[in-house]
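I opened this entry to look up how the two chains meet. My notes follow the model.

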2 protein chains.
Amino acid sequence: MSNVLVIGPESDAERAITEAAFDPLYSPSLADAAQLSEAERGAITAIAYRGHHAFGGAEMDAFPALGLIANFGVGYDAIDTVAASARDVRVTNTPDVLNDDVADLTVLMLLAHERQYEGASRWVRDGNWSSQGAYPLGRKVSGRKVGILGLGRIGRDIADRLAAFKSEIHYFARSQKDTPGWQFHSDPVSLAQSVDYLIVALVGGPDTQNFVSKAVIDALGPNGVLVNISRGSTVDEGALLDALEANTLGGAALDVFLNEPHIDPRFLALDNVSFQPHQGSATVETRAAMAQLQRDNVSAFTTGQALLTPVN
Amino acid sequence: MSNVLVIGPESDAERAITEAAFDPLYSPSLADAAQLSEAERGAITAIAYRGHHAFGGAEMDAFPALGLIANFGVGYDAIDTVAASARDVRVTNTPDVLNDDVADLTVLMLLAHERQYEGASRWVRDGNWSSQGAYPLGRKVSGRKVGILGLGRIGRDIADRLAAFKSEIHYFARSQKDTPGWQFHSDPVSLAQSVDYLIVALVGGPDTQNFVSKAVIDALGPNGVLVNISRGSTVDEGALLDALEANTLGGAALDVFLNEPHIDPRFLALDNVSFQPHQGSATVETRAAMAQLQRDNVSAFTTGQALLTPVN
């Protein structure tokens, strides 16, 4: 009986590798996994998890021999690590291999929003360039003031890229970092007041819930743009929607949302928001690297080696 | 009678400044300008030109007292500078003030093409994320090999930005430059063979016509992406369309085209091309800076001072 369970979608190519490595059971979701037989669940010692639904103590208890949850993604806020530790369940994630992609997407979303990329593209595709002439002007990005909220590894990769756009870099972090001339702020409102663009690169989870509060959004103001590539939970989404509707915030470029993919329909009525469907790590290359790191953690566990990227 | 003629569209704000400075005549196009009376044309000593239609010796001869054509834009390939010099007509352009915007747009177009930004955005807007799940994966940009064709000031600004994306930078220029570890190629085919992304940052005009030849396009190959932010004339557009249709070139991100804005309709049938409607310098900030530099050149000429940015 298999002792590895894979939860969530895999590409055919990835599934072939996983199959050869572990001969695992598969479930499309955590809810489906609960429907496995008691004998099947009882044999599972390691779960490779790909999903954003809450994985708490009750879900863990359905697998009495469970010793590892190997998360696909750097953000493991869906997994209750306190409950896991209490049950001697180790949790791993897939850090670092996705930093480049997330930082690339951040720069892309900021540039696309300010330069009106999508509308300008449609202008060509719809034949309006030929019939009506030039598209309206966008806004210059290089040389502006950028605030990074959370200067972890991803935040720093974002800042390094934007520095090459001659940006003035400001950041908030729990403590001042050794940075090349970047301006530290100990308070997110001070950060938001000081910049044109505020980029949210916090970790998710209860500690950062609504960290981008109404006060932070107000401080960013009617000429500011909020970019969120972290988690929907880090932003007070009601306050964000109010500010966007009232134009007390200039605009937002959002890759993440509360309750995604079922995002608040108020967003779709706005013309000052740019969207991506949680594409931070969504490249062929990076998803393959994340899948490999997830498998490597499962292999390490099932063969009694040290986990590569443990989080508890 | 006015001795300054403004050709091409101006925003109301810019027009107010121009009006106060020169009390000029206005024409929407070079063709319209030829319809001015002989007396009006005879009084014109300086033309502020905004357009891409050919401004040759015949057009200059319609203004017998002409001494300056102040071009709006860094690329002055529409203006026959040989004919101008033969008539003692000075030509100026607006270099440098637009470099940042063009470099920003280049990075934006490359990222948007590879990360499938536009399709992913539509996926959210059309409700497909909610009803159908994740959007297909894009391709990773950071860490790839980038070739810059033409390492002038704009080319270097592009390379500086892409270096922050951990790119391996290759370039073609007339001579090797003092660059930080970038790989010089004396031949554009060698450059195209060595890279994943080929970025065209050449000046326009007859010397660079079809510089991106079928051989260069073939060398870039089925996994390569061509980015053109220079002039449509620098690329053999027929060969480009053939290669895109046959998938012997992976893709293209194009801000400039032959005969723009009336672009070849073959482009619009392709799903491996990203479009912008010549947005290189199209921001509020940069267009204002270009207009100011154009006016400063006209002022310098009409008051007998040295031109700020002469090209002949």
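I counted salt bridges first: there are 12 between chain B and chain A, a salt bridge being a side-chain nitrogen of Lys or Arg within 4 Å of a carboxyl oxygen of Asp or Glu. One of them joins B:K166 to A:D100, with the closest N and O atoms 2.7 Å apart.

The model is predicted: local features need pLDDT of at least 70, side-chain atom pairs count only at pLDDT 80 or more, and totals for chains, interfaces and linings use all residues. Residues are numbered from 1 along each chain as its sequence is written, chains are lettered from A in the order in which they are written, and side-chain values use heavy atoms, with hydrogens and water left out.

Next I looked up the extent of the contact (heavy atoms within 4.5 Å). Chain B gives 57 residues to it and chain A gives 57 residues. The two chains bury about 5300 Å² between them, 57% of it on carbon and sulfur atoms; this is the accessible area (1.4 Å probe) that two parts lose on being put together, summed over both. In chain B, the residues that lose the most area to chain A are B:R115, B:Y117 and B:W129, together 17% of what that side buries.

Last, I checked how the copies are related. Chain B superposes on chain A by a rotation of 180 degrees with 0.0 Å of shift along its axis, RMSD 0.0 Å (least squares on the C-alpha atoms of residues with pLDDT of at least 70 in both). I noted this as the relation of a two-fold axis. Of the interface residues of chain B, 100% are also interface residues in chain A, so the copies meet through the same surface.
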